Structure formats: C-alpha cells, structure tokens
Amino acid sequence: EKDAGAAVPAEALQALRSYFGYDSFRPGQAPLVSAILSGRDALGVMPTGAGKSVCYQVPAFVMGGLTLVVSPLVSLMGDQVRALKAAGARPSYLNSTLTPGQQRTVLRRAAEGWYQIMYVAPERLEDERFLEFARAAASPGGVGIPLVAVDEAHCVSQWGQDFRPSYLGIADFVAKLPHRPVMAAFTATATGRVRDDIEEMLRLRSPEVVVTGFDRPNLYFGVEEVPDARKGERILSFVREHAGESGIVYCATRKATDELAAFLGEGLAADAGGAGAGHVPVVGRYHAGMPLEERRRNRDAFVEDRIDVMVATNAFGMGIDKPNVRYVVHNNAPESIEAYYQEAGRAGRDGDAATCLLLWSGNDFRLRRFLIDRTPADERLAPDQREFGVRNRYRLLDQMQGYCETTGCLRAYILHYFGDDAAGAGRGAGGAGAFGGGGCGRCSNCLTEFAVEDVSGPALSALRFVSETGGRFGKSLVADALHGSASERVRQWRLDEAADYGALADVPVGRIKDVIGQLVGRGYLEQGQGRFPVLSLGPRAAEALDDPAGFSFSLKRRERRAALLRR
Ligand code: ADP
Ligand code: ZN
C-alpha cells in the first residue's frame with residue numbers, strides 16, 4: 001500500500017543474497033525489513049507465496065541474538081528449519097514432536113547462542129520453563145531476543161477463521177520479558193477487522209503496516225453450480241482437458257476424496273485403453289486418514305510430477321511450494337473466502353496462467369452449516385466467545401455463498417473481501433464498476449453474458465410475505481410458500497393462509513430463492529445469522545412496500561454458460 005521509501009540497509013540485502021540467493025526484495029518486503037531493523041514494530045499482510053518469511057528471517061540474521069517465531073504450524077517447523085539449515089543458517093524449533101531430552105538440549109544451546117531463529121507454537125509461551133529461558137535470554141548478559149515474529153497472525157482474531165485462543169497470550173509473554181523486543185506480525189488473510197484485532201491483541205506499537213495487493217493476475221476464476229451427482233463427471237472432463245498439467249482437486253471430506261480419486265482413476269484408465277490416447281493423467285490422493293508413509297510418497301510424487309492430479313482434503317498443500325500447479329478445482333465450496341483463496345492460490349505460483357474452478361451445490365452449504373453446529377467448542381472459551389465463534393463461522397460461510405451466487409466479477413468480489421479495492425474492484429452486488437466497469441475479463445462471470453430480467457412482481461410478493469409473516473422463517477420455507485407448496489412445514493406454520501401464498505406458482509423455486517438472495521444483498525431484506533437464518537424486512541423495505549408501483553427490481557440471469565475458457 002505504502003512504500004516507506006526507506007532504503008534497506010546494505011546488510012539486509014547482503015543477507016538476502018547470501019542465505020537465499022535473491023538479488024532484490026519483492027514488493028512489500030523492503031519496507032517491512034527496514035522498519036524492523038530500525039526498531040519499529042511491523043505488520044505485513046500479503047497473499048500466500050508473496051514471501052513473508054523472508055521479512056523476519058533476514059532481520060533475524062542481521063540483528064544477531066535469538067529471534068522467536070511464533071507459528072501454529074507445528075508440523076511444518078521441521079521443514080522450515082531444514083530449509084534454513086540448508087541455506088547455511090542456524091535455526092531451531094521447540095515443540096512437542098521433540099522428546100523432553102531434545103527440548104532441554106535445544107534450550108541449552110539456545111541459551112549459549114547457537115541459534116539465530118527459534119520456531120515455537122503459541123502454547124509454548126505459557127510454559128514456565130520456557131518463560132524462564134526467555135527472560136534470561138532477554139536479560140543483560142543473555143543472548144538477547146531482538147525480535148518476536150508472529151506468523152499466521154490472524155489466529156489472534158475471533159473475526160478470522162482460525163482463531164487460536166493461545167495467540168491471545170503472546171502479548172502477555174512479551175510483556176514479561178525484561179526488554180521489549182521488536183514485534184512483527186504476518187498474515188495472508190486479514191480483512192479490516194482482523195487487521196485491527198492483530199494490532200490491538202498483539203499490542204503492536206505504531207507498526208509499519210504493509211498491505212500488498214491481493215490480486216493474482218495470472219489466475220482465472222470460475223464458478224459452476226453443479227448437482228452433486230454430476231460433479232465427478234464434470235471434474236473428469238476437466239482433468240481430461242488439462243491432461244499433461246499438474247493440478248489439485250479439493251474435496252470436503254476424506255470419504256469424498258477416496259471416492260473421487262477412485263472415480264477419476266477408473267475414468268482415466270478407460271481412456272488409456274482407447275485408440276490414440278495421449279498422456280493419461282495419473283491420479284493420487286491425500287488426506288489425514290491415510291498412513292503417513294503413503295501420504296509422503298504421494299506428496300513427493302506430486303511435487304516431482306509423477307502424479308498429475310492430486311485429489312485431497314485441505315490437509316494437502318500447506319508448506320508445499322510447487323510452482324507449476326496449473327489448476328485447483330474445488331469439488332465443494334470451502335467454509336470461507338479466506339480458505340478458498342488460500343487453497344486456490346496454490347495454482348500458478350510461477351506466475352504463468354492457471355485456473356481456479358469452484359464447483360458447488362446447495363448441499364455444500366447445508367453440510368457446512370451442519371458441521372458448524374456440530375463442532376465442539378473450545379472449552380477454554382467463555383460461552384459468549386463460543387457463540388460469537390459460531391455466528392462468525394456462519395458469517396464467513398455466507399460470504400462464501402455470496403461468491404458462488406454472485407453474477408458480478410469474481411476477482412472483484414475476492415479483492416473487495418480482503419479490503420483490496422486498489423485494483424478498482426467494485427462494491428456493488430453486480431460488480432458494477434469493477435475494474436473500470438468492465439470486470440476483470442478473466443473470470444467466468446466476466447465471460448458470461450447475463451440477460452437482465454425484470455422481477456419486480458416476485459420481489460414485491462416476497463417482501464409482502466415477509467412483512468405479513470413477521471420475520472420468523474428462512475429463505476427455503478418462504479420460497480416454498482410463495483411457490484404454493486403444500487408441504488408439511490408450510491401447513492404446520494399455516495403459511496398457506498398468507499395473502500401471497502402461491503403467488504409465484506409459475507416461478508421456479510430456485511428462481512424465487514435467487515430473488516430473495518438479491519433482496520438481501522441490496523438491503524430490502526435481512527437474513528439473520530445462526531442455525532435458522534430467518535428473513536426479516538431490511539432498511540429499504542419500506543420504500544418498496546409504500547410505493548409498489550414505483551418499485552423496480554431486476555435480476556441478471558445466465559443467458560448461456562461461459563465456455564470454460566481456460567486462460
Ligand atoms: P509466504 O510465507 O508469504 O507464503 P514464502 O515466504 O514461503 O511466502 O515465500 C514464497 C516463495 O517466494 C519462496 O519460495 C521464497 O523463497 C520466495 N521468495 C521470497 N522472497 C523472495 C525474493 N525477494 N525474491 C525471490 N523469491 C523470493
Ligand atoms: Zn471478472
């Protein structure tokens with residue numbers, strides 16, 4: 001966002017060269033490194049793959065002493081340390097995968113000044129023995145702790161998707177040190193609210209905040225609503241079209257992963273028998289229910305291009321820096337835009353064109369809502385915090401659903417979500433004004449022609465219905481009643497006695513739901529949160545109900561499917 005223009009100290013550039021072999025800093029890195037080296041706190045918000053680690057590793061090498069890196073990704077610490085060692089650095093980590101004896105050895109060596117960097121999980125900071133070590137290290141005569149870097153800093157915020165209560169203890173830990181180190185926080189997923197939380201909860205002191213653009217211009221975004229029964233076929237044909245390319249297909253569950261991998265494997269094997277078959281993609285699978293050994297084998301085969309398509313749960317991908325992934329297909333809608341963008345963003349890291357395709361159906365959202373209700377709450381949280389967490393997850397899911405249902409530019413939707421409107425991404429539900437009015441031109445919505453249909457009548461019926469029945473029912477039930485369904489639920493609540501019952505008998509239920517969804521999006525209706533998201537009148541309802549003749553409401557409709565243009 002802003003480039004402080006501060007010259008990066010020569011030692012920093014030199015460290016970048018000697019440890020990593022890079023000649024220059026990437027956008028955003030230089031101001032963060034400079035700020036840290038000048039003793040200022042820092043907050044870096046950059047998309048995955050932008051190079052956040054360098055922003056604290058380079059200062060760690062330059063500052064001397066021991067830099068602590070707080071990270072929730074215990075399973076990746078070993079890999080990170082190995083990579084740094086290979087680069088000639090002296091890193092370490094301290095977590096529960098080490099035996100107590102190993103942990104003592106690490107702490108002893110750290111106190112003797114062996115290490116430049118130590119990765120720890122946030123829970124570790126609450127450990128008395130560790131606190132004792134850190135206080136000694138930060139005291140006069142100790143090795144010094146010049147910097148505490150917080151990775152995945154959005155975990156400190158309840159507004160984000162990965163709230164970790166133990167992150168709330170980081171600031172207290174730092175406050176107990178005899179000498180306050182510089183604090184630097186990094187995240188790939190901060191909306192405005194999360195960003196404010198990070199500054200507040202980590203008690204950053206007037207940090208240098210750098211937010212780089214979130215746009216990934218080389219990625220094509222596609223969304224398709226596909227009934228569950230047809231998703232397998234759709235993905236199979238996609239994979240065939242992309243034979244010879246490396247890709248990931250994400251599924252919501254382990255079971256679905258196994259099934260889809262088998263389905264694709266069989267379909268592609270049948271191709272192999274056919275005449276003139278070219279390269280037949282090799283399918284692999286990956287989820288946390290598989291033996292570790294098999295997971296490793298598959299991961300390596302994928303990285304080395306011996307597996308073309310990896311069918312996986314979201315357990316796959318973290319810490320895998322494979323540059324030439326050409327597509328990421330989602331078999332289901334993920335639980336949030338954050339999760340989606342992180343997973344989809346594994347495509348095209350090399351900067352070449354790549355495709356991100358999201359298939360969804362209404363069942364995806366039903367399943368996710370069910371899972372949100374069933375997830376046991378973290379017992380360390382107070383009841384109101386738990387409730388907040390549940391409501392928040394509904395909110396994140398609603399925004400994901402908005403992405404699936406929007407007819408506006410998909411890229412504009414994502415960038416706006418992350419508060420990155422610099423690219424000119426528009427705010428309107430229709431994406432009007434996005435990228436100077438024309439949309440990005442590289443997403444399925446921008447490549448679809450939409451017809452505009454006047455739905456003022458149905459919209460008014462829906463508003464009158466909600467007004468009459470008093471905000472007690474959700475979208476599906478309202479749509480059913482307007483359509484004239486005689487279902488048990490409709491009769492149970494005597495909705496068949498409402499004035500507008502059956503008023504939209506000739507409009508398909510799905511279409512009625514679209515209209516209701518858009519009424520919510522444009523402020524005529526409001527949809528509550530929680531398990532039963534009931535509809536009520538929104539702030540603009542009166543303007544329509546008071547002057548029905550003057551009310552006009554239209555909807556865009558997919559005239560023809562965008563040919564799935566790859567690039
Ligand atoms: P993030 O943590 O933001 O997801 P990483 O720190 O893992 O990103 O970096 C992503 C990739 O970019 C790594 O392969 C890293 O070595 C590389 N990288 C980082 N900084 C630079 C740079 N200044 N020049 C070239 N490559 C870089
Ligand atoms: Zn677009």
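**Close-up views of a predicted model**

Helices H16 and H19 are roughly perpendicular to each other, because their axes cross at roughly 70 degrees and angles of 65 to 115 degrees are counted that way (under 35 is roughly parallel, over 145 roughly antiparallel, the rest oblique). The model is predicted: local features need pLDDT of at least 70 and side-chain atom pairs pLDDT 80 or more, while totals for chains, interfaces and linings use all residues. Residues are numbered from 1 along each chain as its sequence is written, and chains are lettered from A and ligands numbered from 1 in the order in which they are written.

**View 1. Helix H16 against helix H19.** H16 spans residues 456–469 and H19 residues 509–521, with axes that come within 10 Å. Helices (H or I, at least four residues) and strands (E, at least two) are DSSP runs numbered from the N terminus. Axes are lines fitted to C-alpha atoms, for helices over the stretch in contact, and angles run from 0 to 180 degrees between N-to-C directions. Pro 458, Ala 459, Ala 462 and Leu 463 of H16 meet Ile 512, Val 515, Ile 516 and Leu 519 of H19; contact requires C-beta atoms, placed from the backbone, within 7 Å. The contact has 8 nonpolar residues, no polar and no charged ones. Nonpolar covers Ala, Val, Leu, Ile, Met, Phe, Trp, Tyr, Cys and Pro; charged covers Asp, Glu, Lys and Arg; the others, Gly among them, are polar.

**View 2. Helix H9 against helix H10.** H9 (residues 228–241) and H10 (residues 254–273) pack at about 50 degrees, their axes 10 Å apart. The two helices are therefore oblique to each other. On the H9 side the contact includes Gly 232 and Arg 240, and on the H10 side Phe 263 and Asp 271. This contact divides into 6 nonpolar, 2 polar and 2 charged residues.

**View 3. The open sheet of 6 strands.** The strand order is S8-S13-S12-S9-S11-S10, with parallel pairing; two strands pair if DSSP finds at least two bridges between them. S8 (219–225) and S10 (283–286) are at the edges with a single partner strand each, so one side of each has no neighbour in the sheet. The twist averages 15 degrees from one strand to the next. Between S9 (residues 246–250) and S12 (residues 325–330) there are 5 bridges, and Gly 247 has Tyr 327 of S12 as its bridge partner.

Methods
Contact = placed C-beta atoms within 7 Å.
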